[in-house]
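This briefing is meant to be read beside the sequence and the 3D view. It is grouped by topic, so that each point can be checked against the display in turn.

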Amino acid sequence: MNNALVFSLAGVGLFIIGLHGLAVYSHLLRKVLALNIMGSGVFLVIAGLARRLPDAEPDAVPDALVITGIVVAVAATALALALMLKVRADAGIPELPERERE
Amino acid sequence: MPQQSTLVVAAVLLPLSGVLLCFLFSAFARGLFLITVALTSTVVLSLALNLPDSGAVRHLVGGWGAPLGIELYADGLAVFLLLTTTLTIAAVAIYGVRYFESPTQPATFWPLLCFLWTALNALFLSGDIFNLYITLELMGLSAVALVALAGGETALTGAMRYLLVTFLGSLSYLLGVALLYHAAGTLDIQLLGERLGPDTTTWIALCLITGAMVLKSALFPLHFWLPPAHSSAPAPVSAVLSGLVVIASFYILLRLWLEVMPEGKAPLGQLLAVLGAIAIVWGSLIALRQPQVKLLVAYSTVAQLGYLFLPFAIRNTELAAAAWRGALYLVLCHALAKAAMFMAVGNVLRFGGHDNIDDQDHSVQRLPATLAAFGLAGVTIIGLPPSGGFLAKWMLLEASVGARQWWLAFVILGGGLLAAAYIFRVVGLAFTEGSLAREPRIVPRPMEWICLGLAFASLVLGIAAVPLLELLDVGLPFGGAPNGVLEDESLSGVSP
């Protein structure tokens with residue numbers, strides 16, 4: 001079992017844990033955190049797979065991808081948190097209402 | 001005449017500078033936005049006019065190629081969607097000038113809309129899958145902020161759910177991108193197509209991406225987030241969301257389908273088409289039951305999006321190309337017609353203060369242009385001749401019959417009947433008498449005329465289709481032969 005496999009399996013594990021959290025918890029902060037855990041998982045996969053051949057130097061492109069991805073994730077998290085506070089101010093609780101049945 | 005590649009860059013840079021200027025000088029945001037609209041439409045129009053001569057354009061930004069550089073690629077498909085975007089945004093801008101007139105309205109509308117526009121243009125022109133991720137995310141974030149502009153509990157929770165969905169979709173897409181990069185060592189769409197084979201990693205990646213795009217395009221059964229978000233946004237925002245934003249993720253799926261997916265994709269295509277067919281029937285039936293016009297129009301979007309996924313079932317390259325032309329033409333007609341409908345609903349809301357279908361006041365007598373616009377746009381949504389919607393659905397129908405996919409033909413025709421039912425439900429009830437719930441507010445004339453103009457344009461598209469379809473074929477994005485030449489032969493070869 002090489003390093004790349006360990007990293008990417010851990011990344012996929014984080015992704016699945018985050019997905020579970022997103023589906024199960026109703027508090028919006030937990031949902032936002034769950035999405036961030038998923039994001040960390042994805043970044044771990046990208047970075048873990050950077051060494052494409054066993055004895056080659058790691059590729060520079062995945063680094064660039066992770067850095068850009070983190071910037072985007074921070075922006076999205078900021079927006080999500082701001083929106084969450086607004087939802088709490090307006091609806092009283094930081095939760096989404098149950099979907100009305102169609 | 002400036003070089004085509006300069007125009008391609010300008011199509012992204014102009015709205016981007018518009019964002020900064022609108023944000024910095026928010027007192028003049030409206031004027032600055034209109035200037036941006038004028039400049040960008042000129043650029044996109046001349047790009048489109050010259051494209052048949054120049055052929056598809058590939059531009060390396062700053063002279064840096066793959067893997068680290070950013071590549072822009074403008075073929076007929078991309079420029080066709082740029083044109084759709086420009087038309088819709090221009091109409092929304094004119095409408096928005098009067099809609100956001102009062103000083104209490106948020107000034108952030110203009111920079112946000114401009115940002116959304118930049119993201120859309122950049123997305124359609126992106127030549128690699130990572131830039132697609134970035135633009136997809138930028139588009140999602142500005143769209144969420146625009147939904148939240150309306151304020152109030154419904155809009156905020158709608159925006160929040162939309163944000164969670166779009167964030168989830170982007171992350172799944174990014175995971176897919178990571179795996180594809182690992183498998184092929186490139187992010188360039190064209191190179192990916194050459195290097196990828198049908199191995200497990202590739203298929204996991206492509207399934208993740210397909211799932212993410214299905215979620216973002218609100219294909220049945222992942223459409224749950226669309227109606228609350230689209231119906232709670234301000235009318236001009238709903239117009240952009242329903243006409244353009246959902247199309248962007250469909251576009252990514254289509255590009256990957258056409259250029260990257262390896263052999264053995266037929267079962268996946270069949271599944272997507274079946275979901276599209278269910279979306280048409282289910283979305284229309286739910287639309288029929290909605291108490292409010294705006295929700296009805298939003299569910300109609302769910303149904304109309306279903307049509308775009310039907311061509312995935314067609315295997316023959318020539319016939320599939322014909323079907324894709326129809327689907328893309330439907331994108332254009334739907335964007336204009338749906339924008340007209342949401343604007344019409346915006347007018348009705350402003351006039352009567354509510355949009356309950358059952359007690360529509362005699363708004364038809366007071367807002368004749370608005371109701372005419374809703375009806376005319378409805379003609380395109382139903383797909384009656386001579387509208388653009390008719391032409392698009394006819395092309396889809398012809399290709400389905402040619403490929404002997406009778407169930408597709410059946411769904412296309414049935415969807416038209418259901419659409420007729422929900423459109424006439426609104427148009428018909430508006431004629432009955434009712435009491436005014438509250439003192440009507442004056443609707444500014446330009447707000448009525450612009451939505452009538454859009455609805456009319458969606459009709460005219462049925463007659464003036466040839467140059468647009470030729471534009472769509474530049475660079476042969478769908479494979480197969482150019483429109484009309486070999487298509488007829490292949491049709492006669494397949495039919496008995």
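The model is predicted, and every value below is computed from it. In the contact between the two chains, 28 residues of chain B meet 32 residues of chain A. Within chain B, the helix pairs described here include helix 1 with helix 4, which pack with their axes 8 Å apart, and helix 2 with helix 4, whose axes are 9 Å apart.

- On the side of chain B that touches chain A, helix 5 (129-148) and helix 6 (152-184) of chain B each supply at least two residues.
- Helix 6 of chain B gives the largest share of that side, amounting to 16 residues.
- Sorted by class, the side of chain B that touches chain A consists of 21 nonpolar, four polar and three charged residues.

**Helix 1 against helix 4 in chain B**

- Helix 1 (residues 4-24) of chain B and helix 4 of chain B pack at an angle of about 160°, and the two are therefore roughly antiparallel to each other.
- The crossing of helix 1 of chain B and helix 4 of chain B is left-handed.
- On the side of helix 1 of chain B, the residues that meet helix 4 of chain B include B:Val8, B:Ala11, B:Val12, B:Pro15 and B:Leu16, while those on helix 4 of chain B include B:Trp110, B:Cys114, B:Phe115, B:Trp117 and B:Asn121.
- The class division for this contact of helix 1 of chain B with helix 4 of chain B is 15 nonpolar, three polar and no charged residues.

**Helix 2 against helix 4 in chain B**

- Helix 2 (residues 29-54) of chain B packs against helix 4 (residues 109-125) of chain B at an angle of about 25°, which makes helix 2 of chain B roughly parallel to helix 4 of chain B.
- Helix 2 of chain B passes helix 4 of chain B in a crossing that is left-handed.
- Helix 2 of chain B contributes B:Ala29, B:Arg30, B:Phe33 and B:Thr36 to this contact, and helix 4 of chain B contributes B:Trp110, B:Pro111 and B:Cys114.
- By class, the contact of helix 2 of chain B with helix 4 of chain B has five nonpolar residues, one polar and one charged.

**Helix 8 against helix 10 in chain B**

- Helix 8 (residues 200-216) of chain B and helix 10 (residues 235-259) of chain B pack with their axes 8 Å apart and at an angle of about 150°, so that they are roughly antiparallel to each other.
- Helix 8 of chain B passes helix 10 of chain B in a left-handed crossing.
- The contact joins B:Leu206, B:Ile209, B:Thr210, B:Met213 and B:Lys216 of helix 8 of chain B to B:Ser249, B:Ile252, B:Leu253 and B:Leu256 of helix 10 of chain B.
- This contact of helix 8 of chain B with helix 10 of chain B has, by class, six nonpolar, two polar and one charged residues.

**Strands 1 and 2 in chain B**

- Strand 1 (residues 57-60) of chain B pairs with strand 2 of chain B in the antiparallel sense over four bridges.
- Within this pairing, B:His59 stands opposite B:Leu72, and the bridge partner of B:Leu60 is B:Glu71.
- Strand 1 of chain B has one covered face, formed by B:Val57 and B:His59, and one uncovered face, formed by B:Arg58 and B:Leu60.
- Strand 2 (residues 71-74) of chain B has both faces covered, with B:Glu71 and B:Tyr73 buried on one side and B:Leu72 and B:Ala74 buried on the other.

**Two alanines**

- B:Ala11, found in helix 1 of chain B, is buried, because 25 other C-beta atoms lie within 10 Å.
- Leaving out residues up to four places away in sequence, B:Ala11 touches B:Thr40, B:Val43, B:Val44, B:Leu47, B:Leu82, B:Asn121 and B:Leu125.
- B:Ala11 and B:Thr118 are 107 residues apart in sequence, yet their C-alpha atoms are 8.2 Å apart in space.
- A:Ala47 has its place in helix 2 (residues 28-48) of chain A, and it counts as partly exposed because it has 19 C-beta neighbours inside 10 Å.
- Apart from neighbours within four places in sequence, A:Ala47 is in contact with A:Phe7, A:Pro62 and A:Val66.
- A:Ala47 and A:Leu22 are 25 residues apart in sequence and, C-alpha to C-alpha, 24 Å apart in space.

Notes:
Residues are numbered from 1 along each chain as its sequence is written. Chains are lettered from A and ligands numbered from 1 in the order in which they are written. This is a predicted model: local features need pLDDT of at least 70, side-chain atom pairs count only at pLDDT 80 or more; totals for chains, interfaces and linings use all residues. Two residues are in contact if their C-beta atoms, placed from the backbone, lie within 7 Å. Ala, Val, Leu, Ile, Met, Phe, Trp, Tyr, Cys and Pro count as nonpolar, Asp, Glu, Lys and Arg as charged, and the others, Gly among them, as polar. Axes are lines fitted to C-alpha atoms, for helices over the stretch in contact, and angles run from 0 to 180 degrees between N-to-C directions. Angles under 35 degrees count as roughly parallel, over 145 as roughly antiparallel, 65 to 115 as roughly perpendicular and the rest as oblique. A crossing is left-handed if the near helix is turned anticlockwise from the far one by less than a right angle, and right-handed if clockwise. A residue is buried if 20 or more other C-beta atoms lie within 10 Å of its own, exposed if 12 or fewer, and partly exposed in between; C-beta atoms are placed from the backbone. Two strands pair if DSSP finds at least two bridges between them.
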